[in-house]
Amino acid sequence: MEPHRTNERLEKTMRTSRRAPGTAAAPRTGTVRAVAAVLASAAALVALTGCAGFEYREHICSDGEYPALNVGTTGSTCVPEEEAPPAGYVKYPRGKVPQEVDDKWDKYWRTHTLDENGRVVDAPAN
C-alpha cells in the first residue's frame, strides 16, 4: 500500500468519526465546569445565608441563670437562679429584664442603669 493512500484513509476516518455538534457524547469540559461553578455557588449561598427564616438569637444567660445589673454602670453578670446577686449587682426591674442579645431591654440597659436607690437613671458616659 502506498503511504499517501494510508494517510488519506486515516484522515477520512478521523473526519467521519467526529460527532456533529449537539449530539450525545461525553460531557464537554466547559459544561462540566459551568455545572461545577453553579453547584459551588449554590453551596456557598446556603453556607452564607443559612436557613432563611430561622434566625439564631443568643440568650443573655444560660439555662438556670438570670441576668443581674451592676449598680451605677451598664455592666451585667449571670447568676444561678438559686443564688442572690453578688455585691454591687441587683436584679433587673420586673418586666425590663433582657432575655436575648440585642433585644429591646438589652439595648435599653446599654444607656441606662440603676442608682444606689434602685431608680432608673442614664448610664454614665464611658
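Reply: Buried means under 20% relative accessible area, exposed means over 50%, and partly exposed lies in between (1.4 Å probe, protein chains only). This is a predicted model, where local features need pLDDT of at least 70 and side-chain atom pairs count only at pLDDT 80 or more, while totals for chains, interfaces and linings use all residues. Residues are numbered from 1 along each chain as its sequence is written, and side-chain values use heavy atoms, with hydrogens and water left out.

Me: OK, what share of the chain counts as buried?

Reply: 13% of the 126 residues. The accessible surface of the chain is about 10100 Å², and carbon and sulfur atoms make up 55% of that (Shrake-Rupley method, 1.4 Å probe).

Me: And how many helices and strands?

Reply: There are three helices and five strands, taken as DSSP runs (helices H or I, at least four residues; strands E, at least two) and numbered from the N terminus. Along the sequence the pattern reads α-α-β-β-β-α-β-β.

Me: What about contacts, how many join residues at least 24 apart?

Reply: 31%, among contacts between residues at least 6 apart in sequence. Contact here means heavy atoms within 4.5 Å.

Me: Switching to charges. How many salt bridges?

Reply: Four, where a salt bridge is a side-chain nitrogen of Lys or Arg within 4 Å of a carboxyl oxygen of Asp or Glu. One of them pairs Asp102 with Arg110, with the closest N and O atoms 2.4 Å apart.

Me: Which residues are linked with Arg110 in a network?

Reply: Asp102 and Asp106. The Arg110 to Asp106 bridge has an N to O distance of 2.8 Å.

Me: Is Asp106 buried or exposed?

Reply: Asp106 is buried, because its relative accessibility is 14%. Asp102 is partly exposed at 38%, and Arg110 is partly exposed at 43%.

Me: Which residue does Arg119 meet?

Reply: Arg119 forms a salt bridge with Asp115, at 3.0 Å from N to O. Asp115 counts as buried because its relative accessible area is 12%.

Me: Which residues make the patch of negative charge?

Reply: Asp63, Glu81, Glu82 and Glu83, on the surface. Patch residues have over 30% relative accessible area and no salt bridge, with like charges joined within 9 Å. Asp and Glu count as negative, and the charge is placed at CG of Asp or CD of Glu.

Me: Where is Glu81?

Reply: In the loop between β2 (76–80) and β3 (89–91). Glu81 counts as exposed because its relative accessibility is 54%.

How values were computed:
Patch = residues over 30% accessible without salt bridge, like charges linked within 9 Å, V, L, I, M, F, W, Y side chains within 5 Å.
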